[in-house]
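Open the model in your viewer and keep the selection panel at hand. The stops below say what to select next and what is there.

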Amino acid sequence: MTRQLRLNAFLKPAGEYLAGWRHPDSPPDAGVNFPYVSRLVQALEAAKFDAVFIPDLAGLPDTHPTVLERVAVVNDTFEPVSLLAALVPLTTHIGLFGTVSTSYSDPLEVARIFATLQALSGGRAGWNAVTSLNHGEAVNFGGSALADHASRYARAEEFADVVLGLWGQGGQPFFEHGGQHFTISPTRPFTSPPLSRPIIAQAGASEAGKQFAARVAEVIFTNIREYDGVKAYRADLRKRAETFGRHPDNVIICPNLETVIAPTRDEAQEKFGRLKALLHPRVALGDVEYWLGGVSLADLPLDAPLPPLPVTEKSVSTQQRWYQQAQEQRLTIRDLVHRIANGNHTLIGTPQDVADHIEHWFTTGAADGFNVAFPYLPTTLTDFTRWVVPELQRRNLFRKDYGAAHAVQARA
Ligand SMILES: Cc1cc2nc3c(=O)[nH]c(=O)nc-3n(C[C@H](O)[C@H](O)[C@H](O)COP(=O)(O)O)c2cc1C
């Protein structure tokens with residue numbers, strides 16, 4: 001069978017770019033404006049996207065209060081699974097993927113809500129299993145601090161086994177479990193034949209995260225931006241999946257892709273320039289601090305090289321990646337501010353430039369698809385669906401219609 005290009009939409013209604021919410025085209029209540037969010041999802045379905053994927057963070061990001069005052073924070077967004085359930089009657093084919101943390105929920109609860117979403121949507125549900133990396137979130141759920149990385153993944157591994165068992169993966173009429181973290185008395189699996197179970201998505205980047213993703217996930221997202229890095233990541237994850245007895249083609253690797261598009265490259269740069277101008281410098285610095293694992297850079301000179309950083313438990317791999325880049329390229333803090341917060345990874349160009357990028361990465365085995373994020377909405381979503389999707393279809397890279405075997409059901 002021909003390999004299918006996958007397009008997931010990573011939907012943050014206020015926009016992915018830190019200052020995207022300030023754009024005059026963006027409604028001020030974007031994250032909790034259901035008619036608006038519905039229209040975005042319906043536009044994605046009209047463009048034949050595989051799935052819409054809703055992130056989650058049940059607390060304030062760990063950042064400076066002055067930054068929080070100037071960003072659209074996740075508290076201004078809907079809880080993902082409730083939102084997806086409300087989208088069911090408004091959509092017919094698009095996959096509905098929601099994020100729920102293995103650190104702050106219970107596997108029985110997760111198995112039930114996604115089995116329910118699967119039944120309500122006729123088989124379109126997906127669970128993005130995260131272990132969470134935020135201190136505030138840990139406190140909100142009764143902890144005093146974020147549990148260490150290894151413990152979070154140990155719990156996630158057992159959590160996923162319980163969820164899969166409750167989804168009837170063992171084929172037994174009853175499922176029971178007694179483990180280190182969870183106990184389940186004999187319980188009937190939440191199966192709904194002939195529906196397959198929900199898809200599992202993951203974005204592991206550390207050693208533990210990659211092992212977890214390779215063992216349980218069908219769709220794997222990555223923040224890695226460089227072609228060689230993504231290609232190596234995909235090869236690695238495919239190999240790891242095989243060691244778990246899985247067929248590597250059942251693991252779909254989707255790097256993130258943000259775009260600002262216009263008919264000419266100059267116009268696209270101008271469009272991006274107008275967006276960048278909306279970013280407050282203190283917000284940019286705060287964002288860098290966040291991605292470096294919560295370190296404080298406020299007292300350090302902006303034009304000096306990044307000093308060695310204390311290792312935090314927040315996002316070990318992300319911090320290491322930025323730190324390594326800063327060392328290799330002798331970046332100052334100011335350079336990093338631009339690189340991280342100013343959307344250095346955003347692909348700015350024509351629809352053909354974006355289609356070339358997608359085609360190259362897909363056909364040369366660096367990616368199976370893309371996790372398309374939108375710097376500001378609705379513009380960058382509309383531009384992608386009206387310009388890039390038809391170009392991909394013209395090149396026979398992307399479906400023109402949802403077939404009977406819609407691609408989201410890759411595993412079934
Ligand atoms: C595209 C993408 C989306 C993510 N969405 C979330 C999210 O919604 N909530 C969350 O707590 N973590 C999210 N993460 C973080 C990952 O779950 C993971 O913790 C991170 O990639 C670091 O990997 P590690 O846990 O293996 O260190 C996301 C990561 C990526 C790449």
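Select β8, helix α8 (residues 227-243) and β9: together they make a right-handed β-α-β unit. Right-handed means that, with the strands pointing away from the viewer, the path from the first strand over the helix to the second runs clockwise. Helices (H or I, at least four residues) and strands (E, at least two) are DSSP runs, numbered from the N terminus.

This is a predicted model: local features need pLDDT of at least 70, side-chain atom pairs count only at pLDDT 80 or more, and totals for chains, interfaces and linings use all residues. Residues are numbered from 1 along each chain as its sequence is written, and side-chain values use heavy atoms, with hydrogens and water left out.

Stay on β8 and show strand β9 (residues 252-261). The two pair in the parallel sense over four bridges. Pairing requires that DSSP finds at least two bridges between two strands.

Show the side chains of β8 (residues 219-222). Which way do they point? V219 and F221 point one way, I220 and T222 the other way, and all are buried. Buried means under 20% relative accessible area, exposed over 50% and partly exposed in between (1.4 Å probe, protein chains only).

Next, select the ligand. Around the ligand are 22 residues, of which D56, Y153, A203, A205 and S206 come nearest. A residue counts as near if one of its heavy atoms lies within 4 Å.

- Y153: a polar side-chain atom, at 2.6 Å.
- A203: a backbone N or O atom, at 2.7 Å.
- S206: a polar side-chain atom, at 2.6 Å.

On its own the ligand has 610 Å² of accessible area, and the protein covers 92% of that. Such areas come from the Shrake-Rupley method with a 1.4 Å probe; for residues, only the protein chains shown count as cover. Colour β4 (125-130) and α6 (149-166): these are the elements that give two or more residues to the shell.

Last stop: D353, in helix α13 (residues 351-363). Is D353 buried or exposed? D353 counts as buried because its relative accessibility is 16%. Its side chain makes a polar contact with the side chain of R265 (2.6 Å). A polar contact is a pair of N or O atoms within 3.5 Å; within protein, one must be able to donate a hydrogen and the other to accept it, and residues adjacent in sequence count only if both atoms are side-chain atoms.
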